[in-house]
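Colleague: Could you walk me through this model and tell me how the labels on it were reached? I would like to see each value set beside its rule.

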Amino acid sequence: YGSSDPNSLTNAMVNAGNFSQIYAAWINRDLFDIPVDSETKLGQMIISLGSSRIVGRYAFRNDQQSFVGLQQRFREKSGDWELTLFATTPEQLLPNSKQGVLHNNVVWNRPETNSIFTGGFFTRRLPERHHSELYLYYLSEPTLQPESRVLFTPGIRFFREPTQGTWDYELETVGQTGTRSLVNNAIPSSVGAIMVHGQMGYTFD
């Protein structure tokens, strides 16, 4: 797992000085006089959605991936459903040179201005502590090195909240389609993939 060199060091492990999040937020209660609250974020942020398998915080990495852009969230007041929409640009982790990392150079992370990451995420609460999630993400990296990708990632997830004396479960299916170029100006190759995750558990009294 990981690099074959146990002494390797990257900017995913070390970042001598940066802010993970800097954004302005505005919350509006009872939007348009209906029982829906909204939250608007604008700036640099970490996005974490659903199970966080596709978009979320890294659990075992020192440096988090941030995005610059807009995130809009709508939530029904009782929590029965929630919709999150976002349009962002991924940030490039800096410094990206071995010497810069070794010498703890402080370099401000910069947005990848030729990249787009956008999508929507909808979750709904069902009876008996069941939940459903439906999402679609779009990533475009038209000129990045060493590879460029244009990917669509739809997914669906069902789960039940754990509680004492009952069974719980989780089932998530994710697909991915698009194109990928390994070098600049190369003929794109088609991409197709699917992931299925399932688990079940029981919580004792």
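Predicted model: local features only at pLDDT ≥ 70, side-chain atom pairs only at ≥ 80, totals over all residues.

Colleague: Why does Leu-126 count as partly exposed?

Modeller: Its relative accessibility is 31%. Buried would need under 20% and exposed over 50%, so Leu-126 falls in between and is partly exposed.

Colleague: Which residues form the nonpolar patch on the surface?

Modeller: Leu-126 is one of them, together with Phe-122, Leu-134, Ile-156 and Phe-158. Their accessible area together is about 390 Å².

Colleague: How many aromatic pairs does the count come to?

Modeller: The count is 11 aromatic pairs, by the rule that ring centres lie within 6.5 Å.

Colleague: What makes the pair of Trp-81 and Phe-122 stacked?

Modeller: The ring centres are 6.3 Å apart and the planes meet at 25°. The limits are 6.5 Å for a pair and under 30 degrees for stacking, so Trp-81 and Phe-122 are a stacked pair.

Colleague: Which parts does that pair tie together?

Modeller: Trp-81 belongs to strand S4 (residues 81–92) and Phe-122 to strand S6, so the contact joins parts 41 residues apart in sequence. Trp-81 has a relative accessible area of 24% and Phe-122 has 31%. With the partly exposed range starting where buried, under 20%, ends, Trp-81 is partly exposed, and Phe-122 is partly exposed too.

Colleague: And what makes the pair of Phe-86 and Tyr-137 tilted?

Modeller: There the centres are 6.0 Å apart, with 45° between the planes. Stacked needs under 30 degrees and edge-to-face over 60, so this pair is tilted. Phe-86 sits in strand S4 and Tyr-137 in strand S7, 51 residues apart, and the pair links these distant parts of the chain.

Colleague: Are Phe-86 and Tyr-137 buried or exposed?

Modeller: Both are buried. Phe-86 and Tyr-137 also belong to a cluster linked by ring pairs, along with Phe-67, Phe-117, Phe-121 and Tyr-135.

Colleague: One more: why is Thr-10 called partly exposed?

Modeller: Thr-10 has a relative accessible area of 34%, and since that lies between the 20% and 50% limits, partly exposed is the label. Thr-10 is placed in the segment before strand S1 (22–28).

Definitions and conventions:
Residues numbered from 1 in each chain as written. Heavy atoms only, no water. Patch = residues over 30% accessible without salt bridge, like charges linked within 9 Å, V, L, I, M, F, W, Y side chains within 5 Å. Areas by Shrake-Rupley, 256 points an atom, 1.4 Å probe, with all protein chains shown as cover. Salt bridge = Lys/Arg side-chain N within 4 Å of Asp/Glu carboxyl O. Buried < 20%, exposed > 50% of the residue type's maximum accessible area, 1.4 Å probe, protein only. Helix = DSSP H or I, 4+ residues; strand = E, 2+ residues; numbered from the N terminus.
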